[in-house]
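Please examine the sequence and the three-dimensional model below.

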Amino acid sequence: MEMITNVTEYEAIAKEKLPKMVYDYYASGAEDQWTLKENRNAFARILFRPRILVDVSRIDLTATILGFKVSMPIMIAPTAMQKMAHPEGELATARAASAAGTIMTLSSWATSSVEEVASTGPGIRFFQLYVFKDRNVVAQLVRRAERAGFKAIALTVDTPILGRREADIKNRFTLPPHLILKNFEGLDLGKLDKTSDSGLASYVAGQIDRSLNWKDIKWLQTITSLPILVKGVLTAEDTRIALKAGASGIIVSNHGARQLDYVPATITALEEVVTAAEGRIPVFLDGGVRRGTDVFKALALGAAGVFHTRIIVV
């Protein structure tokens with residue numbers, strides 16, 4: 001581990017250490033995985049025009065995100081089921097984010113609850129929300145996150161059904177038996193069991209509300225005072241609708257290329273979203289970010305910050 005020099009090198013270690021089903025779940029994208037590759041390739045096509053002889057003796061990386069000052073404009077995106085990778089899972093991620101002075105976003109499908117994450121100590125945390133068919137469950141979960149001190153809701157809007165992740169289908173992906181989706185413990189929401197397909201796809205088909213639409217942002221605003229970020233926007237058209245719906249921010253995201261293949265890389269879509277937002281709300285980006293130069297490119301194209309996706313704890 002002491003020889004690691006960049007984030008990408010962790011992937012080889014993860015592949016060596018993790019069970020195949022778990023590694024494939026974290027690492028793979030949808031269908032042909034074209035967008036998975038494009039999320040990286042698109043960054044590589046953006047070049048710098050460096051200027052010289054500028055005083056850079058004092059560099060300030062701090063940023064203000066929804067009113068919260070953080071050490072850098074790099075935050076942690078939601079990644080589900082982190083205890084598949086390490087027994088500490090989301091708890092370790094929460095402590096690391098706090099120590100780094102930045103924001104962690106907890107997945108609805110975490111293997112640690114909002115209360116458990118809050119118990120790790122102080123820190124700025126957002127909660128990523130999937131909307132279930134049972135809206136009482138959704139309301140309860142949002143209120144729990146608010147009580148636990150979470151500061152924003154990241155509403156994922158690109159998952160009416162789960163993307164066709166062929167690695168998960170081949171592996172018949174399921175949550176290991178010693179783990180549960182901790183935020184739903186004790187609720188009658190079915191189980192993420194092994195099936196003849198992807199167990200997660202079957203679970204989503206049975207539980208996620210496909211009727212979710214723009215009006216539901218207004219509904220969420222009636223059950224929480226937390227700002228709502230719309231996660232999964234890739235077009236100017238949807239940006240303008242999000243503004244009218246009262247979103248507090250946008251996360252340009254293609255779900256880590258795990259939903260609909262052959263959509264643009266997020267860095268490709270960023271500029272049109274920023275232009276459509278007209279500075280009225282902050283625009284963030286996730287997907288494909290691996291180096292500081294990627295962060296710089298996103299900021300130069302108008303992002304207020306980036307969320308680093310698929311944190312793998314090994």
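V56 counts as exposed because its relative accessibility is 56%, where exposed means over 50% relative accessible area, buried under 20% and partly exposed in between (1.4 Å probe, protein chains only). This residue sits in the loop between α3 (34-44) and β1 (63-65); helices (H or I, at least four residues) and strands (E, at least two) are DSSP runs, numbered from the N terminus. V56 belongs to a nonpolar surface patch together with V54, I59 and L61, and the accessible area of the four comes to about 420 Å². A patch is made of residues with over 30% relative accessible area and no salt bridge, with nonpolar side chains (Val, Leu, Ile, Met, Phe, Trp, Tyr) joined within 5 Å and like charges within 9 Å. The areas come from the Shrake-Rupley method with a 1.4 Å probe, and for residues only the protein chains shown count as cover.

The model is a predicted one, in which local features need pLDDT of at least 70 and side-chain atom pairs count only at pLDDT 80 or more, while totals for chains, interfaces and linings use all residues. Residues are numbered from 1 along each chain as its sequence is written, and side-chain values use heavy atoms, with hydrogens and water left out.

Side chains of opposite charge can pair when their charged atoms come close. The whole structure contains 12 salt bridges, each being a side-chain nitrogen of Lys or Arg within 4 Å of a carboxyl oxygen of Asp or Glu. One of them joins R144 to E115, at 2.8 Å from N to O. This pair links distant parts of the chain, 29 residues apart, with R144 in helix α6 (residues 135-147) and E115 in helix α5 (residues 114-118). R144 counts as buried because its relative accessibility is 14%, whereas E115, at 36%, counts as partly exposed.

At 49% relative accessibility, E185 counts as partly exposed. A further salt bridge, between E278 and R280, spans 3.9 Å from N to O, and both of these residues are exposed.

What volume does the largest cavity hold? It holds about 280 Å³ of space. Its lining comprises 21 residues, and P78, T79, A80, H255 and R258 are the closest to its centre.

Notes:
1 Å grid on protein atoms, 1.4 Å probe; cavity = no way out; pocket = protein on both sides within 12 Å on 5 of 7 lines; lining within 4 Å. Points joined across faces, edges and corners; volume = space filled by probe spheres on them.
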